[in-house]
Amino acid sequence: MTFLTYLISGISLGSIYAIIALGYTMVYGIAKMLNFAHGDVIMIGGYVSYMVTTELGWSPLVSVLAAMAVCTLLGVLIEQLAYKPLRAAPSLAVLITAIGVSYFLQNAALLLFSANPKSFSSVVPIDSIRLFEGKLVISGTAIVAVIACAIIILGLTWLINKTKIGKAMRAVSEDKHAAQLMGVSINKTISVTFAIGSALAAVAGVLLVSAYPILMPTTGAMPGIKAFTAAVFGGIGSIPGAFLGGILLGIIEILGKAYISTQLSDAIVFAVLIIILLVKPTGLLGKKVLVKV
Amino acid sequence: MLTYGLVIAAYIILRILLAGGHVSSALQGQLVPITAYIVMAVSLNLTVGVLGELSLGHAGFMSVGAFTGVITSASLTSSVPEPALRLLFALIAGGIAAGLFGFLIGIPVLRLHGDYLAIVTLAFGEIIKNVVNTLYVGIGQSGLKIGMTSGNALNLGEGGKVILNGPMGAIGVQKISSFTAGFILILVTLFIILNLIDSRAGRAIMAVRDNKIAAESVGISVWRYRMTAFVTSAALAGAAGALYALNYSTVIARKFDFNTSILVLVFVVLGGMGNIRGSIIAATVLTILPEVLRAFNNVRMLIYAVILILVMLATNNVRLRAWFQRIRPGNGKTPVISGGGDGHE
Amino acid sequence: MSDKTRMVPLPSKAIVPERDALERPILEVSRLGINFGGLVAVEDFNIAVGRTEICGLIGPNGAGKTTIFNLLTKVYQPTSGAILLDGQDTASMNTVQVNQAGIARTFQNIRLFPSLSVEDNVKIGLHNQVRYPLITGVFRLPGFFRAERQAKDQAMELLSIFDMTDLASKKAGSLPYGAQRRLEFLRALATNPKLLLLDEPAAGMNPSETEELMASIKKIRDRFQIAIMLIEHDMRLVMGICEGIAVINYGKIIAKGTASEIQDNPEVIEAYLGKKKE
Ligand SMILES: Nc1ncnc2c1ncn2[C@@H]1O[C@H](COP(=O)(O)OP(=O)(O)O)[C@@H](O)[C@H]1O
Ligand SMILES: [Mg+2]
């Protein structure tokens, strides 16, 4: 029964990672860049939700919507100001810029909200479910995380396969140049991708601080790195890959904590990533890239 | 030559200022860390600028060197009482240990490229941090002992001493590092790296960076030269780690985390990829700057972030770069990233 | 699927020139083939190249010519066939070992080391010719300065072939297109090959440059006594200097022979010459 408890909490943590990883993977697939600031957008989402609920006293649902709105705007703004001028630059330059953006967001949050951890009360109004005479407890947040992740995956799959913007996204990720020739606006597609990714980051942020209720300017950093790991693990650029990677990573982390060592759980997660990349250099569901000579 | 001259002149000037008592105590405290960061930046430049592969785990090697250095120094306390000599042994041990780690980690890492290589170096850096956090090392009558549960479980016996105490880090470290030692380490690092770059092996490393397929086509073993650069870079980071650690009485593993790796990477990028002198200047300025900007402590890092973004935009945006070239004709040395282009058409 | 033939029968209609006929060909290729997924890019490719022969590989775009170079240099692993270099089977070799065994090449889409100087590009070509240990370089041990001197002299001598010595300190990436092609040629030559593969060496050159190149190719062959195999669309160059020509279409050899034999072959005229240049 304890194993089941761990498994469920692994899946729920994994769902949050998956939502964050989706943002990484979509941006990578379309703009071919590692958006290191993505984790900090999560943190901003957490703070917005915190301010709306505790300072303004509005309902949790409103706070989630507000977080999504702010993060979407922020994501698009970051893209326009910092990344768009570097479309033609080497990927390392873009990466360092993203790191700069990450520093910026963390320190802006530090100024605005101070380094003191805020204790966040879960926005999820659902009570825990108790099964098997209370031996198995599933928290409301865990349930909502899994459901949110499922809805997001279904929604994204629909968006990408069925809508016009989705087709544009696929075209850009396959071949930017060809997409442009076919009349797809690269800039618009990338902006939309950032908007979607950042909105997802907001959702993930709220869920994350609901499940682990401590909010600091650095809150997004580690989950960001791990979700990024999850995206690479599943095959960066692949949406099912991000989902699979996120869930697996959550499970590995929680089971590692429970059965091996609390302190080494992160090390285990990263070790699994390394092993997977060595066996499949482009991740579990990643495409093999061909270099023509 | 200019690079050596710059370092030597800076050292002499600082020595004179120190003798005259013109250096604030805060800055004095920064002298050894600055030298360590310079060595970190110069050595990372070998991987990132010269080899053209992004490493996000350089602090991991610093960590290996730091704790190896601390343990070496503690173990040699009685047999080598002379601090300078003990420091030398500690630096060498730290360098060798980190070089060894570099080799072992390089075996899997160097099979990958680009973003995948970067993420795996990040992963190794985090693994090293986590593992060091769980290590307990002590020295007792029966020599060095290592455990993973607690300091007491090491059973060191009478007169035993815990050197590395899990998450508490290394405690009771004898501070034997000195500014002069740091200065010498910089010179040694420069000697090794500048000579390496300007030799047959260095050309091979840069050939691999510029075009891997072409390098192979002229008979250069890509694996071998990638490994050469990676191990050299790791070993020097290890020595820098030992120098850094032996400057404090306590050292924790978290000091050498992802953020430190990124900090050093920022030195390298702002100083200019492959530009060794640039790395030295960037590491110095950016380590001192926060001290100078104490008054603006709150916005300091914000400014730092904005500068970082602006410099990247200014040096890599096609239009801005053209504009800069117009206002500064004939000026070459802007930190431009040379793409490790394999030419994925 | 593909049969791995290891025995090398003398390829049909070998086009080894008479002066090389008594010696073993430098290159013997039999039944070489590769497919990418479903696409058969090269199939049943057979050829023998004499020790000092200049031979041409022609055919329409996408015929598989570059792929043949990639197979010979192991940039791609053949799915079938055997390659003997100077009688030695290269099956177990990788790109680096093939170069050390004696095949050097240029690339259709030039692959220089663009951020390095012209001189360094050639010195990198000399990597396995002028050697000294890593330690010697790092600690400037005895022998370092002599070896570097030697590398420099050899690099300058090679550069003088194309009158490029005064460009030695220029960045390779900043050279004009034609000069880049010549530099890549010299870099390949620096590896001291027995067989040099040139992929469209005259591409982007004007008629007078091409004329000069033709003379240089011959001169280099005579001076270094090596075999040269080249891919080229410029028929004047191919007909002018190639002693043997193989015509490829859809990954297969459709004709082999001397310039005049090729020119009269109706299949070739239809597949290639009839269409003129693409
Ligand atoms: N790495 C590869 N993967 C898939 N197809 C390839 C690859 N390299 C070459 N091809 C295909 O093989 C065929 C021959 O190409 P190539 O040898 O470059 O022709 P060319 O005769 O013009 O040099 C082409 O159809 C090309 O698309
Ligand atoms: Mg071709």
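Visitor: Which chains does ligand 1 lie between?
Guide: Welcome! This is a predicted model, where local features need pLDDT of at least 70, side-chain atom pairs count only at pLDDT 80 or more, and totals for chains, interfaces and linings use all residues. Residues are numbered from 1 along each chain as its sequence is written, chains are lettered from A and ligands numbered from 1 in the order in which they are written, and side-chain values use heavy atoms, with hydrogens and water left out. As for ligand 1, its place is between chains A and C.

Visitor: How far is a nitrogen atom of ligand 1 from an N or O atom in the side chain of C:Y76?
Guide: Polar contacts here are pairs of N or O atoms within 3.5 Å; within protein, one must be able to donate a hydrogen and the other to accept it, and residues adjacent in sequence count only if both atoms are side-chain atoms. An oxygen atom of ligand 1 lies 2.7 Å from a polar backbone atom of C:G62, and an oxygen atom of the ligand is 2.9 Å from one of C:G64. For the nitrogen atom and the C:Y76 side chain, the distance is 2.9 Å.

Visitor: Is C:S117 buried or exposed?
Guide: C:S117 sits in the loop between β6 (103-105) and α3 (118-125) of chain C; helices (H or I, at least four residues) and strands (E, at least two) are DSSP runs, numbered from the N terminus. Buried means under 20% relative accessible area, exposed over 50%, and partly exposed in between (1.4 Å probe, protein chains only). With a relative accessible area of 17%, C:S117 is therefore buried.

Visitor: Which residue has its backbone nitrogen 3.0 Å from a polar atom of the C:S117 side chain?
Guide: Leaving out residues up to four places away in sequence, C:S117 touches C:A168, C:S169, C:K170, C:K171 and C:A172, where contact means heavy atoms within 4.5 Å. The backbone nitrogen at 3.0 Å belongs to C:D120.

Visitor: Where is B:I303, and how accessible is this residue?
Guide: B:I303 is found in helix α12 of chain B. Its class is partly exposed, because its relative accessibility is 37%.

Notes:
A residue is near a molecule or strand if one of its heavy atoms lies within 4 Å of it.
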